[in-house]
Amino acid sequence: MKMGLLNRGKKKSSNNEWVNAKNQNCVNGIASQDWVDRYAMLPVYYSTPAGEDRDGKPRLWVLNGNNSNVSFYPAFSSEEKIREFFLKNGREAFMIIDGNIESLLSSFDAVTLMNNFGAIIDPGTDGQIIIEPKIRVSSK
């Protein structure tokens with residue numbers, strides 16, 4: 001079962017915007033603070049962190065970094081990629097949140113357990129982008 005799309009009131013981006021973004025200010029796939037500020041409004045798709053696996057067992061859907069104390073939340077540049085990722089990994093019921101990089105990162109600060117989260121956009125792909133924990137969009 002899949003859930004509907006929750007739209008955060010943003011415009012859709014073209015795939016070209018993501019291709020351009022991935023080629024700018026990312027060293028070895030790691031986003032700089034400048035990159036996060038520049039692409040804060042770039043659309044991403046993500047879901048809620050808690051859910052059930054295909055056996056109905058509760059699970060926290062985060063990715064662990066090299067350091068076991070670091071968690072990264074998966075986000076995606078397209079609806080197709082988020083559906084493929086969660087279905088491949090056994091999450092059959094999920095809500096897709098249609099947001100942007102800023103809304104994704106600010107959602108981490110709304111929940112104490114997520115304050116130290118980073119994000120990985122398009123995890124497991126050649127074009128994945130890592131946003132380290134505690135990097136947030138700068139105040140303007």
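In the predicted model, Arg-91 is buried but forms no salt bridge. The nearest side chain of opposite charge belongs to Glu-52, at 9.0 Å. Arg-91 occupies the loop between H3 and strand S9 (96–100). A polar atom of the Arg-91 side chain is placed 2.9 Å from the backbone oxygen of Thr-48. The charged end of Arg-91 is also positioned over the ring of Phe-86, 4.9 Å from the centre of that ring. When residues up to four places away in sequence are not counted, Arg-91 touches Ser-47, Thr-48, Ala-50, Gly-51, Glu-52, Trp-61, Tyr-73 and Phe-86. Glu-52 is thus among the residues touched by Arg-91, although the two side chains form no salt bridge, Arg-91 having none.

A search of the whole structure returned 8 aromatic pairs. One of them joins Trp-61 to Phe-86 in an edge-to-face arrangement, with 5.9 Å from centre to centre and 90° between the planes. This pair connects distant parts of the chain, 25 residues apart: Trp-61 is located in the loop between strand S6 (58–60) and strand S7 (63–64), whereas Phe-86 belongs to helix H3 (residues 79–88). Trp-61 and Phe-86 are both buried.

Phe-86 forms a further aromatic pair with Phe-94, which is tilted, the centres being 5.2 Å apart and the planes 45° apart. Both partners, Phe-86 and Phe-94, are buried. Ring pairs join Trp-61, Phe-76, Phe-85, Phe-86 and Phe-94 into a cluster. Arg-59 lies over the face of Trp-61, at 3.8 Å from the ring centre, and Arg-91 places its charged end over Phe-86, at 4.9 Å from the centre.

A separate site was examined around Gly-127, in the loop between strand S10 (118–121) and strand S11 (129–131). Gly-127 has a relative accessible area of 26% and is therefore classed as partly exposed, a category that lies between the limits of 20% and 50%. With neighbours within four places in sequence left aside, Gly-127 is in contact with Lys-22 and Ile-121. The C-alpha atoms of Gly-127 and Trp-18 are 9.6 Å apart in space, while the two residues are 109 residues apart in sequence.

Notes. Residues numbered from 1 in each chain as written. Predicted model: local features only at pLDDT ≥ 70, side-chain atom pairs only at ≥ 80, totals over all residues. Heavy atoms only, no water. Phe/Tyr/Trp six-rings, centres within 6.5 Å; stacked < 30°, edge-to-face > 60°. Helix = DSSP H or I, 4+ residues; strand = E, 2+ residues; numbered from the N terminus. Buried < 20%, exposed > 50% of the residue type's maximum accessible area, 1.4 Å probe, protein only. Lys NZ or Arg CZ within 6 Å of the ring centre and 35° of its normal. Lys, Arg positive; Asp, Glu negative; His and termini not counted. Salt bridge = Lys/Arg side-chain N within 4 Å of Asp/Glu carboxyl O. Polar contact = N/O pair within 3.5 Å; in protein donor to acceptor, adjacent residues only side chain to side chain. Contact = heavy atoms within 4.5 Å.
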